[in-house]
Amino acid sequence: MTQEHIIGKSVPRKEGRDKVTGAARYIDDMTMPAMLYGATVRSQIPRGVIKEISFDPQFDWSEFVTVTAQDIPGKNCIALIGDDQPCLADGKVNHPEEPILLLAHADPHLLRKAVDSVSIEYESLPAVFTIEDSERPSQIIWGTDNTLKTFLISKGDVDGIWAEADYIVEGEYTTGAQEQLYIENNGVIAAFDREQGITVWGSLQCPYYVHKALVALCDLPAEKIRVVQAETGGAFGGKEDYPSIIAGHAALLAIKSGRPVKIVYDRLEDMTATTKRHPSRTRHRTAVSKDGKILGGEIDFTIDGGAYATLSSVVLSRGTIHAGGPYYWPSVRIRGKAVATNAPPHGAFRGFGAPQSLFAMERHMDRIAQAVGLSPVEIRRRNFLKPGETTTTEQAIREEIDLGKLLNRALELSDYAAKRARFAQRNKVGHIKKGVGIAAFLHGAGFTGSGERYLASVVAVEGCADGGVRVLVSSTEFGQGTNTVLCQIAAEALGLPYEDVRIAQPDTNQVPNSGPTVASRTAMVVGNLVRSAALGIKQTLVASGMIGGSYSPEQFRTACREYIAAHGELRSFARYEAPEGVFWDDQKYRGEAYASFAWAIYVAEVAVDLSTYSARVEDFVALQEVGRVLHPVLAKGQIAGGVAQGIGFALYEKVVWQNGRMQNGQMTNYIMPTSADLPPIRVFFEEMGNVHGAYGAKGIGELPMDGPAPAIVNAIQDAIGDVLGTGFDSVPLLPEDIFEAVSANGER
Amino acid sequence: MSYSSEGRSKDRGKDDRGKCALSLAINGNPQTVRVFPMERLLDVLRNELGLTGTKEGCGEGECGSCSVLMDGKLVNSCLVPALQAASANLTTIEGIAEGSQLNAMQAAFLECGGAQCGICTPGMILSASHLLSKKTDPTLDDIREALAGNLCRCTGYMQIFEAVVQAARRRTGV
């Protein structure tokens with residue numbers, strides 16, 4: 001055995017060399033012989049009946065392949081959780097940019113003209129565009145009442161609490177849509193062969209989601225669908241569900257034409273037609289004692305799901321469970337609701353509902369602090385969850401987390417107290433006002449409730465004929481470090497050098513279904529399975545007498561080679577099994593919501609310029625407890641990247657809607673942070689110990705999305721609260737919003 | 001749709017009428033290709049020359065994924081009509097490694113975590129290399145400013161800054 005540990009070391013990213021040399025092959029870098037290019041004709045209206053589709057007779061259609069809903073061999077749906085979303089609109093449309101018709105041609109240059117040469121005549125129907133319109137309901141556009149999903153979490157006796165309260169604090173908070181804005185647009189290539197069926201290569205997160213969707217759509221047996229992930233240029237949730245749609249479109253064109261078909265969106269199409277973060281509205285009503293303790297409360301969390309159900313139920317679930325933040329609620333009633341509107345369906349984006357409800361919780365904590373007359377620090381300290389207490393779903397905190405200690409360290413790292421005092425002095429003069437804000441939060445890792453049990457993920461690890469080891473999972477790499485971390489885990493388990501372990505390209509013909517690459521589950525859940533499967537290889541070799549209990553890497557390689565020469569294959573599988581004694585009630589939404597939580601305290605320092613009304617983050621401290629840090633460089637990169645997206649969510653990224661369609665679908669008018677916009681993002685870890693994940697790791701990917709927006713808005717409030725009538729309760733918060741709020745108060 | 005890429009056409013027509021010869025040097029190799037005059041340099045690189053390391057992110061000069069060096073100047077190849085590159089010396093990501101060895105910038109990106117998903121990386125590395133060709137010892141503000149035309153959604157830029165600082169140190173032997 002090598003003595004050196006690989007866990008905790010920043011080994012080189014597995015596919016890193018290819019990425020820095022330009023050799024990495026993304027979907028748009030691939031071509032196939034006789035390949036056609038596909039394009040999508042989309043709805044121009046938010047809701048209506050399709051009366052007629054006509055093709056401009058002046059245009060030469062002879063070499064085009066055309067696909068409509070009538071060409072679908074199987075069921076016209078995108079099979080996901082439900083199947084209400086059609087692959088191609090059939091007779092009616094429910095949102096702008098809804099796909100209606102597909103075109104393919106060998107010359108991509110002709111496609112745009114072809115798309116423009118298709119005319120669609122509609123009979124428009126009234127549409128709804130906001131949560132409020134959908135709730136009213138002014139029109140029924142989905143189901144019987146526009147409600148896609150509801151959840152109710154109920155703990156203790158909330159109704160009896162109001163009479164005891166010294167303060168009742170209310171607030172309403174909203175968050176806007178946010179575009180994932182991976183720099184590589186969505187794209188796939190599909191090929192069809194009568195014998196082999198369909199093969200899809202694509203930029204995607206979840207090969208088996210696409211597989212499931214294609215089985216239903218193409219009416220082919222599972223073994224005739226093969227999905228392969230190409231190198232993927234960013235995803236952030238935006239390539240969780242949407243690739244099933246674009247893969248379905250390419251597959252239909254490939255079946256009809258008998259030729260490979262590539263569809264790669266341009267930026268405008270990607271931004272206007274694909275998913276975004278769900279807009280949200282959260283209402284809090286909280287009973288608080290005179291010493292600042294939360295006695296109980298009601299939280300109404302509502303998200304705008306867009307036109308079809310897609311992933312809204314699970315986004316809602318996570319948002320609802322996280323709505324109470326990292327605090328102890330003796331009693332609480334949380335109502336979660338997802339409603340339909342005539343916008344393209346909103347979908348997965350890092351955080352998955354939690355950034356929305358936690359924004360509300362953390363803004364509300366500052367409001368409670370103000371009402372009670374305590375500092376933002378003290379109000380949090382008095383309400384933090386402690387080991388032994390239970391969350392809103394009555395999950396007991398079993399780990400030795402000390403949020404007070406985490407808070408102290410964050411305050412120290414950010415020089416919070418001194419800054420606050422200094423800013424209070426200097427804000428008396430000049431037009432630059434500075435402030436500091438805190439957010440305390442948690443993020444559950446892995447699927448919610450019984451999700452992991454239903455998924456029953458499987459991984460394999462195999463010894464190879466060359467003596468190396470290969471990890472086989474459907475978990476995908478899209479920047480976060482899947483390849484690297486899973487190889488580290490296998491190497492550590494086997495006591496081998498990192499270089500001896502490699503990972504298979506995710507290909508449903510080659511790898512078992514280790515579940516989707518979402519929900520911050522890969523390192524923690526899949527990593528644990530990889531460890532078990534790797535140990536299985538070792539046990540096999542030990543049992544066959546080829547190695548002893550301790551061995552050198554060279555002895556291991558020799559044993560691998562010899563075993564394979566003798567037996568043909570050396571492969572070990574591991575399947576997820578729920579830990580003992582874990583209880584979750586799907587009906588009552590009660591019990592162990594997550595296998596573990598990551599915890600964090602973020603502190604933002606901002607400067608607001610009252611001559612331009614722009615707010616700028618000047619320093620950012622991100623301190624978190626994520627269990628064992630498997631790879632410090634990757635872990636820091638995950639946090640800094642998430643914080644940057646969170647800063648965008650708070651201050652820059654505004655989706656401008658008109659009749660359900662995004663109006664600013666370009667990088668020139670939808671503004672994400674550049675290198676010149678961001679403060680130093682200072683990342684720190686505290687390891688308080690967790691037994692659940694692989695080598696003690698918890699999920700990390702989504703956590704950093706949750707904290708920046710409330711910390712920043714709290715800091716802005718701290719900076720200019722005295723010139724405002726009311727607080728800032730919405731993100732994104734752009735200069736024009738600050739201008740309006742300051743002007744409305746009539747002060748400068 | 002209100003937006004059109006006509007005029008800086010993304011794609012080639014199927015016949016060659018209207019094409020003309022373009023001679024230039026790419027990564028030190030003289031090349032002649034037949035192109036439409038207004039074809040985007042990005043497409044010439046990717047489609048005609050098979051140099052797919054140069055990426056397209058937005059197609060309108062905002063994201064910098066298609067950055068290449070043209071006669072030592074940093075350009076967005078999606079905005080450059082092919083003929084503008086006549087007789088130029090072009091450097092793409094494929095041309096910056098020193099043989100099979102990564103150059104200092106590539107190695108620093110790999111080591112410091114400057115590349116996550118990798119799609120912005122080629123442009124980012126060229127942009128950073130361009131900076132170091134002008135300033136051997138850039139300040140953090142210089143780096144922030146120089147890379148502001150290259151968008152990265154993964155890293156939050158911090159580890160990219162570290163990589164540039166490290167590459168600068170290694171180059172100057174500090």
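Mentor: The account starts at the helix, then widens by stages.

The model is a predicted one, in which local features need pLDDT of at least 70 and side-chain atom pairs count only at pLDDT 80 or more, while totals for chains, interfaces and linings use all residues. Residues are numbered from 1 along each chain as its sequence is written, with chains lettered from A and ligands numbered from 1 in the order in which they are written.

The part in question is helix H2 of chain B, residues 104-112. Helices (H or I, at least four residues) and strands (E, at least two) are DSSP runs, numbered from the N terminus. The axis of H2(B) comes within 10 Å of that of helix H3 of chain B (residues 121-134), and the two cross at roughly 125°. H2(B) is therefore oblique to H3(B). Here axes are lines fitted to C-alpha atoms, for helices over the stretch in contact, with angles from 0 to 180 degrees between N-to-C directions; angles under 35 degrees count as roughly parallel, over 145 as roughly antiparallel, 65 to 115 as roughly perpendicular and the rest as oblique.

Met105(B), Gln106(B) and Phe109(B) make the contact from H2(B), and Thr121(B), Ile125(B), Ala128(B) and Ser129(B) make it from H3(B). Two residues are in contact if their C-beta atoms, placed from the backbone, lie within 7 Å. Sorted by class, the contact of H2(B) with H3(B) holds four nonpolar and three polar residues, with no charged ones. Ala, Val, Leu, Ile, Met, Phe, Trp, Tyr, Cys and Pro count as nonpolar, Asp, Glu, Lys and Arg as charged, and the others, Gly among them, as polar.

H2(B) also packs on helix H5 of chain B (residues 158-172), with the axes 8 Å apart at an angle of about 140°. H2(B) and H5(B) are therefore oblique to each other, and H2(B) passes H5(B) in a right-handed crossing. From H2(B) the residues involved are Ala104(B), Met105(B), Ala108(B), Phe109(B) and Cys112(B), which meet Gln159(B), Glu162(B), Ala163(B), Gln166(B), Ala167(B), Arg170(B) and Arg171(B) in H5(B). The residues of the contact of H2(B) with H5(B) comprise seven nonpolar, two polar and three charged.

At the next level, chain B is assigned domain 1 (20-95) and domain 2 (104-172), bounds that come from an automatic or database domain assignment. Taken over C-alpha atoms, the centres of domain 1 and domain 2 of chain B are 21 Å apart. Their contact draws 14 residues from domain 1 of chain B and twelve residues from domain 2 of chain B. On the side of domain 1 of chain B that touches domain 2, strand E3 of chain B (residues 67-70) supplies the largest share, three residues. The residues of that side of domain 1 of chain B are six nonpolar, seven polar and one charged.

One residue of chain B deserves a backbone remark. Ser87(B), in the loop between strand E4 (73-76) and strand E5 (89-91) of chain B, has a positive phi near 65° although it is a residue other than glycine. Most residues other than glycine have a negative phi. Ser87(B) counts as exposed because it has 9 C-beta neighbours inside 10 Å; 12 or fewer is exposed, 20 or more is buried, and anything in between is partly exposed, with C-beta atoms placed from the backbone.

Finally, chain B meets chain A in a contact that takes 46 residues from chain A and 46 residues from chain B. On the chain A side, the elements giving two or more residues are helix H1 (16-21), helix H6 (267-273) and helix H16 (632-651). The largest share of that side of chain A, eight residues, belongs to H16(A). By class, the side of chain A that touches chain B has 21 nonpolar, 15 polar and ten charged residues.

Terms used. Left-handed = near helix turned anticlockwise from the far one by under 90°.
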